[in-house]
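Hi there,

Here is the structure I promised to pass on. Have a look at it first, and then read my notes below.

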Amino acid sequence: MLAAWFPHTIAASYSPADEALQQFLIRVGRRKFLVPLYKGLLAVPGGPERARRIYAQARPNYHAVATVTFDALLGYPAEA
């Protein structure tokens, strides 16, 4: 339910949902739920910085396959 609601809160800049969105992005690791949310953040003013900040915190909890997807999407530096 949240995965369907958050794209609307992102597009509308509905700030009361910000903390719940951040916790969802940190807690949930399924790419099918997260890709639309990160893409939504990348499409709004101030969103790219916010997406990268959240991703830096969430990345250690994501599966290696997911990090490849999000590293490319967010321009995260590749690990050496």
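A term to start with: a residue is called buried when its relative accessible area is under 20%, exposed when over 50%, and partly exposed in between, using a 1.4 Å probe and protein chains only. Please keep in mind that this is a predicted model, where local features need pLDDT of at least 70, side-chain atom pairs count only at pLDDT 80 or more, and totals for chains, interfaces and linings use all residues. Residues are numbered from 1 along each chain as its sequence is written, and side-chain values use heavy atoms, with hydrogens and water left out.

(Helices are DSSP runs of H or I with at least four residues, strands are runs of E with at least two, and both are numbered from the N terminus.) Setting aside neighbours within four places in sequence, Asp71 is in contact with Tyr55, Arg59 and Tyr76, where contact means heavy atoms within 4.5 Å.

Now the chain as a whole. The protein chain has five helices and zero strands, and from the N terminus on its elements run α-α-α-α-α. The C-alpha trace spans about 40 × 25 × 15 Å along its principal axes. The radius of gyration of the protein chain is 12 Å, which agrees with the value near 12 Å for a compact globule with 80 residues. That radius is taken over C-alpha atoms, and the globule rule is 2.2 Å times the number of residues to the power 0.38.

Of the 80 residues, 36% count as buried. Among contacts between residues at least 6 apart in sequence, 47% join residues at least 24 apart. The protein chain exposes about 4900 Å², with carbon and sulfur atoms supplying 59% of it; these areas come from the Shrake-Rupley method with a 1.4 Å probe, and for residues only the protein chains shown count as cover.

For the charges, the mean positions of the 9 positive and 5 negative ones are 8 Å apart. Lys and Arg count as positive and Asp and Glu as negative, while His and the chain ends are not counted. Each charge is placed at NZ of Lys, CZ of Arg, CG of Asp or CD of Glu.

Helix 1 is worth a look on your screen. Which of its residues are buried? They are Phe6, Thr9 and Ile10. Seen down the axis of helix 1, these buried residues fall within an arc of 95°, so they line one face of the helix; the arc is that of the directions from the helix axis to the C-beta atoms. The buried residues of helix 1 pack against helix 2 (18–27) and helix 3 (31–42). On the other side of helix 1, Ala4, His8 and Ala11 are exposed.

Thr9 has 6% relative accessibility and touches Tyr14 and Ala17, not counting residues up to four places away in sequence. Pro7, also in helix 1 (residues 2–11), is partly exposed at 30%.

Finally, Ser13 lies in the loop between helix 1 and helix 2. Ser13 has a positive phi of about 55° although it is not a glycine, and at 58% relative accessibility it counts as exposed.

Best wishes
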